[in-house]
Amino acid sequence: MSELVVRAEEPARTRASLEELLVRHTGRTPEQVSADVERETFLTAEDAVAYGLVDEIVPGRRPWARPHGGR
């Protein structure tokens, strides 16, 4: 197989792997995941929780709080 063919097929393999992971970890159907990836769905933090992509939203640190010894 030529290098050109290998490079041309890589995006399809990457997408298939991504979709497989999303199906496995979100509980969505392969069809739903494929449609969402095709539309390049953008998720807010809250949407990611609802989609099953993340478990919870971790609140950010206060902007004035710095680690001990920080500048």
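Where does helix 1 bend, and which proline follows within four residues? The bend is at Glu-10 and comes to about 35°, with Pro-11 as the proline that follows. The bend at a residue is the angle between axes fitted to the seven residues ending there and the seven starting there.

Before going on, a word on what you're looking at. This is a predicted model, in which local features need pLDDT of at least 70 and side-chain atom pairs count only at pLDDT 80 or more, while totals for chains, interfaces and linings use all residues. Residues are numbered from 1 along each chain as its sequence is written, and side-chain values use heavy atoms, with hydrogens and water left out.

**Helix 1**

Helices here are DSSP runs (H or I, at least four residues), numbered from the N terminus. Helix 1 covers residues 3-26. Its 24 residues reach 34 Å from the first C-alpha to the last, close to the 34 Å expected at 1.5 Å a residue. That expected span is 1.5 Å times one less than the number of residues.

Which residues of helix 1 are buried? Glu-19, Leu-22 and Thr-26 are. Buried means under 20% relative accessible area, exposed means over 50%, and partly exposed is in between (1.4 Å probe, protein chains only). The cover over the buried residues of helix 1 includes helix 2 and helix 3 (45-51).

**Charged partners**

Side chains of opposite charge can pair when their charged atoms come close. A salt bridge is a side-chain nitrogen of Lys or Arg within 4 Å of a carboxyl oxygen of Asp or Glu, and by this rule the structure has 7 salt bridges. Here are some of them:

| Pair | Closest N to O |
|---|---|
| Arg-15 and Glu-38 | 3.1 Å |
| Glu-20 and Arg-24 | 2.9 Å |

Take the Arg-15 and Glu-38 pair. Arg-15 sits in helix 1 and Glu-38 in helix 2 (residues 30-38), so this pair ties together parts that are 23 residues apart in sequence. Arg-15 is partly exposed at 30% relative accessibility, and Glu-38 is exposed at 54%.

The other two pairs sit within helix 1. Glu-10 and Arg-13 are 3 residues apart, so about one helical turn separates them. Glu-10 is partly exposed at 39%, and so is Arg-13 at 38%. These two residues also belong to a network of salt bridges with Glu-9. Glu-20 and Arg-24 are 4 residues apart, again about one helical turn, and Arg-24 is exposed at 52%.

**Rings**

What lies over the face of Tyr-51? Arg-28 does, at 4.3 Å from the ring centre. To count, NZ of Lys or CZ of Arg has to be within 6 Å of the ring centre and within 35 degrees of the ring normal.

**Two loop residues**

Gly-27 is in the loop between helix 1 and helix 2. Just after helix 1, Gly-27 takes a positive phi of about 80°, and Gly-27 is exposed at 66% relative accessibility. Gly-27 and Gly-52 are 25 residues apart in sequence, yet their C-alpha atoms are 7.2 Å apart in space.

Leu-43 is in the loop between helix 2 and helix 3, and is partly exposed at 25%. Setting aside neighbours within four places in sequence, Leu-43 is in contact (heavy atoms within 4.5 Å) with Ala-48, Tyr-51 and Leu-53.
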